[in-house]
Amino acid sequence: MKSTMFNIDNVRALQLFQVIRFGSLIIINIALVKLGISSSEIGFFESALFLSNLLTFYWINGCIQAFLPLYSKTNGIEKTSAFFNISVTISVLSIASGGLGFLLENILRKTESLSSFPFFKLAMAYTILSSMGQLTEFVYLLLNKPKKMILYGFVSHALQVVCVIMPIFFNLGIKEAIGGLIAISLFRIAWLAVLIGKHSAFSFHFGFITKWLKQSFPLSIKYLLGNSANFADTIIITTFFSSSVFALYRYGAKDFPLTLLLANGLSTALLPLFGNNLGNALTQLRNRSRNLMRWLFPASILLMFSAKTLYGIVFSTEFEASSYIFMIYLLLISSRLVFPQTVAIGMGKTAPLVAIAFIELIINVSLSLLWMQWWGIEGIAMATVVAFMTEKILIASYLYKAHDIKPNQYIPIKEYALWSIVLAASYLASRFLLIN
């Protein structure tokens, strides 16, 4: 029997790619500390990553997730030149994002963390170049080349670790480490250029670009609004609580990483299926999500009961209060592992997602302001859980009412409900019965 590695499909490949990318960042974070870099210099490195993410994450996600199902529906010359057209458009948007960063520099520098940031130009160069090279794994996805996707993931992220750590190892400083990020971005652009040269015609089709951008725009706004909820929570906490309480919240307000990585990988990898066969795509989504539930829910329940102990060991007893926030964030798995948004995006029904994302933001902020008066920062965390679940319920309701797609077509309802009840009971037991 062949090993799983040789039988790997697009879904597993993209999930593994996400884990590799996350792992490379963890290795870099650990290495920066172990090599004696000061906290202020690490802050400069993190600021470069933050600026890049701030200026590009919403439209990159919107553009790519709109493109995946559209590519499967496209035929003829538009399809043969699709990779060229999307890469050129993303390059233009990347340059525009860097330009926007320069225009907003004075505003951005009013924040405490960026007021003394000395590498703003380097960060903008990284912003432009890094977003240009983010298409490669999705080209492999659409070409049905999962093994090459994994190879690219290992090579590019191993080189990223080397490009960032080596300058520090040779005492060149954090500026050169940010230069390493730029170097690996150029490598990824070169890889993508070779890939597109092999698999795409070099001709512009503005009709295809227009159709794609029309579907991308609502998704981009959705992701922008979704991130605004985290920003709003930050404002609320820093306004009404001390900096020490904010630190406790930030250390606890984290998803179980594997849940987020594997759920996002599954959702994205299945989008191309919706361009060909809706029934098959729904069945695949239902079966694949069930497989994730069967081990991510037990893992989250185990973490629920061990969170306080783990926080005390990994950090210190001072941060045990952060474990209470982490326990609440573990409840997010109940919304992470249902995928009505994948169905809506796959069908090209992106406009309603904007209104739903706005409702989610309003609920999050309103409940945070209300519940913090009763339960402090735990109330703010619980508001996030409720807002996320409300979003999924609203999208599922839209799909049922507007398109007659029932939740049980893409959600294993009985198994999901059972796991969610056990998870909620585990939270109540671990938080209120087992914690002194």
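Visitor: Where is the place of aspartate 9?
Guide: Aspartate 9 sits in the segment before α1, the helix that covers 10-34. Keep in mind that this is a predicted model.

Visitor: What does the side chain of aspartate 9 make a polar contact with?
Guide: With the side chain of arginine 288, at 2.3 Å.

Visitor: And which residues does aspartate 9 touch, leaving out those up to four places away in sequence?
Guide: Pro146 and Arg288.

Visitor: How far is aspartate 9 from glycine 379?
Guide: Their C-alpha atoms are separated by 41 Å. Along the chain the two are 370 residues apart.

Visitor: Where does glycine 379 sit, then?
Guide: In helix α18.

Visitor: Buried or exposed, that glycine 379?
Guide: Buried. Its relative accessible area is 0%, and the cut-off for buried is under 20%.

Visitor: What about the phi of aspartate 404?
Guide: Positive, about 55°, although the residue is not a glycine.

Visitor: Is aspartate 404 buried or exposed?
Guide: Exposed. Aspartate 404 has a relative accessible area of 54%, and exposed means over 50%.

Visitor: Which other residue has a positive phi although it is not a glycine?
Guide: Asparagine 144 is one, with a phi of about 60°. Asparagine 144 lies in the loop between α7 (136-142) and α8 (146-169).

Visitor: How accessible is asparagine 144?
Guide: Its relative accessibility is 53%, so it counts as exposed.

Visitor: Let's go inside. Where is serine 94?
Guide: Serine 94 is in helix α4, residues 82-103. Serine 94 is buried, at 0% relative accessible area.

Visitor: What does serine 94 touch, sequence neighbours aside?
Guide: Not counting residues up to four places away, serine 94 touches Trp59, Ile128, Ser131 and Met132.

Visitor: Now methionine 293. Which helix?
Guide: α13, residues 278-314. Methionine 293 counts as buried, because its relative accessibility is 0%.

Visitor: Which residues is methionine 293 in contact with?
Guide: Leaving aside neighbours within four places in sequence, the list is Pro298, Leu337, Pro412, Tyr416 and Trp419.

Visitor: How far apart are methionine 293 and leucine 337?
Guide: 6.9 Å in space, C-alpha to C-alpha. In sequence, methionine 293 and leucine 337 are 44 residues apart.

Visitor: Next up, phenylalanine 120. Where is it found?
Guide: In helix α6, residues 120-132. Phenylalanine 120 is buried, with a relative accessible area of 4%.

Visitor: And the contacts of phenylalanine 120?
Guide: Skipping neighbours within four places, phenylalanine 120 is in contact with Leu51, Gly101, Phe102, Glu105, Leu108 and Arg109.

Visitor: How far is phenylalanine 120 from glycine 252?
Guide: 30 Å between C-alpha atoms, and 132 residues in sequence.

Visitor: One more residue. Where does tyrosine 251 lie?
Guide: In helix α11, residues 243-252. Tyrosine 251 is partly exposed, with a relative accessible area of 35%.

Visitor: What separates tyrosine 251 and phenylalanine 319?
Guide: 7.8 Å between their C-alpha atoms, and 68 residues along the chain.

Visitor: Zooming out. How many helices and strands?
Guide: The protein has 19 helices and zero strands.

Visitor: What does the radius of gyration say?
Guide: It is 22 Å. A compact globule of 436 residues would have a value near 22 Å, so the two agree. The C-alpha atoms fill a box of roughly 65 × 60 × 50 Å along the principal axes.

Visitor: How much of the protein counts as buried?
Guide: 51% of the 436 residues.

Visitor: And the contacts, how many join residues at least 24 apart?
Guide: 84%, taken among contacts between residues at least 6 apart in sequence.

Visitor: What about the accessible surface?
Guide: About 19,900 Å² for the protein, and 66% of that belongs to carbon and sulfur atoms.

Visitor: Last thing. How many positive and negative side chains?
Guide: 32 positive and 17 negative. The centres of the two sets lie 11 Å apart.

Definitions and conventions. Residues are numbered from 1 along each chain as its sequence is written. This is a predicted model: local features need pLDDT of at least 70, side-chain atom pairs count only at pLDDT 80 or more; totals for chains, interfaces and linings use all residues. Side-chain values use heavy atoms; hydrogens and water are left out. Helices (H or I, at least four residues) and strands (E, at least two) are DSSP runs, numbered from the N terminus. The radius of gyration is taken over C-alpha atoms; the globule rule is 2.2 Å times the number of residues to the power 0.38. Buried means under 20% relative accessible area, exposed over 50%, partly exposed in between (1.4 Å probe, protein chains only). Contact means heavy atoms within 4.5 Å. Accessible areas come from the Shrake-Rupley method with a 1.4 Å probe; for residues, only the protein chains shown count as cover. Lys and Arg count as positive and Asp and Glu as negative; His and the chain ends are not counted. The place of a charge is taken as NZ of Lys, CZ of Arg, CG of Asp or CD of Glu. A polar contact is a pair of N or O atoms within 3.5 Å; within protein, one must be able to donate a hydrogen and the other to accept it, and residues adjacent in sequence count only if both atoms are side-chain atoms.
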